[in-house]
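Could you take a look at this model with me? I have put together a few notes for you to read alongside it.

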Amino acid sequence: MGIVIGLVVTLGCLLGGFVAMGGHLEVLVQPFEYVIILGSSIGTFIVGNSMKTIKDTGKAAGEAFKNQIPKQKDYLEVLGLLHSLMREMRSKSRSEVEAHIDDPKESTIFQAYPNILKNISMLNFICDYCRLIIIGNARPHEIEALMEEEIETIKHDALKPKMAMQDMADGLPALGIVAAVLGVIKAMGALDQSPEVLGHLIGAALVGTFAGVFFSYGVVGPISSKIKYVRDKQCRVYIIVKSTLIAYMNGAMPQVALEYGRKTISSHDRPSIDQVESETIGGGAGA
């Protein structure tokens with residue numbers, strides 16, 4: 001919704017200001033200029049990116065328009081799941097815990113958190129490191145280094161759509177100039193026409209420059225920034241898992257370990273201690 005409102009305000013001010021200073025909107029209606037600019041931009045986007053990145057860019061743009069960032073309830077779900085798993089690791093045998101992490105879809109613990117079950121990447125991240133913890137041979141600093149490396153990889157992959165969109169935005173002004181040059185070439189072929197006809201052709205050519213700069217800085221660039229914001233927020237959940245599990249490995253009680261994770265949440269979205277205790281059923285009684 002924020003993107004839509006922003007685009008409406010941008011277009012309203014731009015076109016409204018143009019009309020207010022005496023401009024005629026029909027001059028901006030140059031469909032073939034837009035075909036040249038946007039078509040070439042999409043073509044270079046396809047050339048420069050893998051099919052997987054292209055598909056993920058569409059998905060990321062949808063997430064940006066819907067502002068699909070983790071909400072407080074999502075953080076509480078992650079903390080609640082981690083608390084349940086840490087209690088199991090603390091009180092149950094290795095084989096009993098492995099039954100949960102080897103087949104999370106059949107686990108009563110994971111079934112209580114359906115949103116995490118749907119997030120395959122997060123699900124695998126939690127299960128993989130819980131498995132390493134119960135093996136018992138790895139040291140906390142080794143697990144932490146491995147987690148940081150994987151989180152960096154996950155973040156790099158998550159931000160590929162942002163980089164692809166930013167590359168498109170960077171190229172649009174130049175493609176606008178290309179469209180404008182083609183328009184000028186067309187105008188040069190009509191030098192024997194009246195000044196009115198020639199002026200119309202030159203004006204149409206300059207629309208290409210306008211469109212390239214506008215689409216770059218007014219549309220594609222801001223969407224690219226919003227994709228980065230959303231994907232950064234989504235990746236932040238992995239930091240919560242890392243901080244919580246490392247604290248547990250270093251000897252913290254499950255409820256105390258949750259505090260390490262809770263403190264890594266942005267203050268705007270961070271649940272209170274009481275909310276975490278409520279999610280974990282009485283502050284982890286029996287931990």
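The points below go through confidence, pockets and helix packing.

1. First, the ground rules. This is a predicted model, in which local features need pLDDT of at least 70 and side-chain atom pairs count only at pLDDT 80 or more, while totals for chains, interfaces and linings use all residues. Residues are numbered from 1 along each chain as its sequence is written, and side-chain values use heavy atoms, with hydrogens and water left out.

2. On confidence, the protein chain has a mean pLDDT (the predictor's confidence in each residue, from 0 to 100) of 90, and 98% of its residues reach 70 or more. Please treat residues 282-287 separately: pLDDT stays under 50 there, and the model has twelve contacts (heavy atoms within 4.5 Å) beyond four places in sequence for this stretch.

3. The largest pocket has a volume of about 950 Å³. A pocket here is an open set of points on a 1 Å grid over the protein atoms alone, where a 1.4 Å probe fits, with protein on both sides within 12 Å along at least five of seven lines; lining residues have an atom within 4 Å of a point. Of its 28 lining residues, Lys59, Asn119, Ser121, Gln234 and Tyr238 lie nearest the centre. Helices (DSSP runs of H or I, at least four residues, numbered from the N terminus) that each supply at least two lining residues include helix 3 (51-66), helix 8 (120-135) and helix 11. The lining has ten nonpolar, seven polar and eleven charged residues.

4. The second largest pocket holds about 200 Å³ of space. Gln30, Phe32, Glu33, Lys186 and Ala204 lie nearest its centre, among 13 lining residues. Helix 2 (31-48), helix 10 (160-188) and helix 11 give two or more residues each. By class, this lining has eight nonpolar, three polar and two charged residues.

5. How do helix 11 (residues 195-249) and helix 12 (residues 254-262) cross, and at roughly what angle? Their axes (lines fitted to C-alpha atoms over the stretch in contact, with angles from 0 to 180 degrees between N-to-C directions) come within 7 Å and cross at roughly 145 degrees. The contact includes Ile240 and Tyr248 of helix 11 and Pro254 and Leu258 of helix 12. Its residues divide into seven nonpolar, three polar and no charged.

6. Helix 9 and helix 10 pack at about 35 degrees, with axes 4 Å apart. His156, Asp157 and Ala158 of helix 9 meet Lys160, Pro161 and Met163 of helix 10.

Definitions and conventions:
Ala, Val, Leu, Ile, Met, Phe, Trp, Tyr, Cys and Pro count as nonpolar, Asp, Glu, Lys and Arg as charged, and the others, Gly among them, as polar. Grid points are joined across faces, edges and corners, and a volume is the space filled by probe spheres set on the points.
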